[in-house]
Amino acid sequence: MKKTLKDMDFKGKKVLVRVDFNVPLKDGVVGDKTRIKAALPTIEYLIKEEAKVLLISHLGRPGGEVKSDLKMDPVAKALANLLNKEVKKADDCIGDELKKAANNLENGEVLLLENSRFYAGEKKNDPEFAKKLASLADLYVNDAFGAAHRAHATTVGVTEYLPAAAGFLMQRELNALGEVMENPASPFVAIMGGAKVSDKIDVIKNLINKVDKLIVAGGIANTFLLAKGYEVGDSLVEADKVELAKELMAEAEEKGVEIVLPIDVVIADDFSNDANTKTVSVEKVPAGWQILDCGGPQSLENYKEIIKTAKTVIWNGPLGVFEMEKFAHGTVELAKALAESDAHSVIGGGDSAAAINEAGVAEKMSHISTGGGASLMFFEGKELPGVAALDDVE
Ligand code: ADP
Ligand code: MG
């Protein structure tokens, strides 16, 4: 068990809080505020406990130098609006001036530090940089589940020098994902979609030991179809992963896990929303056409049957190129089916979460993870460095 907010005394203490404020910016204004909202319970708790709150996050990919369009000022504004409270904004995330500013905070005040990735030491997990960050505060809280799969200075390095606990969001994610990986009610079904087999190999390998059925869909299904001897035309495939797909299917069979491939698919003569489309059996994908949605009527019927009897479902990766309306049907219908089912449903992956939001059924899911890469690493059965680095409860 990792330490959480309830295990620490915050009154009058300077608390460095790693949040995931890596939000989309447009014309200097924050677009989707979901990530900021997700951190509010922790921030509000620390304010109430009369801590001096120092918030730190990365934003975008500035590559270790100051990029004026990736400064945190718009984030400070959005946060102040959401908190209905003043949020101070620092021009740096380390240094003597900032130290002074931190020391001058009153209890319950909030100071947002500048983008941690303006320093190369962040991604390198440089101990000197981490030490400078840590010297600003008395305590450290990590609430950035979305960055916990990375061993960076703000997620791992600082924990060498400060008492370190999980924030509420981190705790909620660890509980939800931990429960489903350690104690899933069966039948346990995993749905894996998305574009790249290589991204999902370790997840599939781990899940074969845990699930009863594994639905392989999205672009990754193509490589599995190829491994089964089907022609997939111009579909996205990873030719160098065909052997691996064969091995994974053999391993699944040995373990009594059913790998469920699409039965019929939506194909297109071009990777475009203006393409001509047809729905065909997976046995009949003509040359020159590509599979862009696994959600043909028979595939969907099959998926719905499986979901209906499942007690636990985890889902990562859309069933098709859902960004284009013509190929979103399978993903949307699956989201709706999951919303209607009684299964405990856990969603990981940025695009999957976006698809579920678009389908308007987010509220019906048991848990939608805020971390793409982090939730994948969890499904891989690996310990996240940003979690491992936190203090254990004595
Ligand atoms: P997540 O972010 O939920 O983990 P991924 O990033 O792995 O999901 O995959 C999402 C991407 O997969 C989407 O951009 C989608 O367009 C793409 N995709 C899904 N099916 C196909 C397909 N048949 N061909 C090409 N790309 C696909
Ligand atoms: Mg993605």
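A salt bridge here is a side-chain nitrogen of Lys or Arg within 4 Å of a carboxyl oxygen of Asp or Glu. Keep that cut-off in mind for the first pair. Lys382 forms a salt bridge with Asp202, and the closest N and O atoms are 3.1 Å apart. One caution before I go on: this is a predicted model.

That pair ties together distant parts of the chain. Lys382 sits in the loop between helix 13 (372–379) and helix 14. Asp202 belongs to helix 7, residues 197–207. Lys382 has 38% relative accessibility, so it counts as partly exposed. Asp202, at 33%, is partly exposed as well.

Now the rest of the charged pairs. How many salt bridges does a search of the whole structure find? The count is 17. Among them is Lys3 with Glu394, where the closest N and O atoms are 3.6 Å apart. Again, distant parts of the chain are linked: Lys3 lies in the segment before strand 1 (14–18), and Glu394 in the segment after helix 14 (385–388). They are 391 residues apart. The two ends of this pair sit in contrasting surroundings. Lys3 is at 15% relative accessibility, which means buried, since the limit is under 20%. Glu394 is at 87%, so it counts as exposed.

Next, a local pair. Glu243 and Lys246 meet through their side chains in a salt bridge, 3.4 Å from N to O. Both are in helix 9, three residues apart, so about one helical turn separates them. Glu243 is partly exposed at 49%. Lys246 is partly exposed at 38%.

There is also a network. Asp73, Lys89, Asp91 and Glu114 are linked by salt bridges. Lys89 takes us to the sheets. It stands opposite Leu112 in strand 6. Strand 5 and strand 6 (residues 110–112) pair in the parallel sense over two bridges.

Which order do the strands of that open sheet follow? It has six strands, ordered 5-6-4-1-7-8, with parallel pairing. Strand 5 (88–89) and strand 8 (164–166) are the edges, each pairing on one side only.

Further along the chain, look at strand 16, residues 344–348. Four of its five residues are buried. Strand 15 (residues 312–316) pairs with strand 16 in the parallel sense, over five bridges. Asn316 stands opposite Gly348 there. Between those two strands the chain runs through helix 11 (residues 329–340), and this β-α-β crossover is right-handed. Strand 16 also pairs with strand 17 (residues 367–368), parallel, over two bridges. Ile347 faces Ile368 in that pairing. The path from strand 16 to strand 17 goes through helix 12 (residues 350–359), and that crossover is right-handed too.

Last, the packing. In soluble globular proteins, nonpolar side chains tend to be buried together. Here the largest nonpolar core has 99 residues. Those with the most contacts inside it include Leu16, Leu133, Phe224 and Tyr303. Helix 9 (residues 242–254) gives the most to this core, six residues. The core draws at least three residues from each of domain 1 (5–171) and domain 2 (184–379). A second, separate core has 34 residues, including Ile36, Val87, Leu139 and Val141.

What is Leu133 in contact with, leaving aside its neighbours within four places in sequence? The list is Leu16, Ile56, Cys93, Ile94, Ala153, Thr154 and Val158. That's my tour.

Methods:
Residues are numbered from 1 along each chain as its sequence is written. Chains are lettered from A and ligands numbered from 1 in the order in which they are written. This is a predicted model: local features need pLDDT of at least 70, side-chain atom pairs count only at pLDDT 80 or more; totals for chains, interfaces and linings use all residues. Side-chain values use heavy atoms; hydrogens and water are left out. Buried means under 20% relative accessible area, exposed over 50%, partly exposed in between (1.4 Å probe, protein chains only). Two strands pair if DSSP finds at least two bridges between them. A crossover is right-handed if, with the strands pointing away from the viewer, the path from the first strand over the helix to the second runs clockwise. A nonpolar core is a set of buried Ala, Val, Leu, Ile, Met, Phe, Trp, Tyr and Cys residues joined through side-chain atoms within 4.5 Å. Domain bounds come from an automatic or database domain assignment. Contact means heavy atoms within 4.5 Å.
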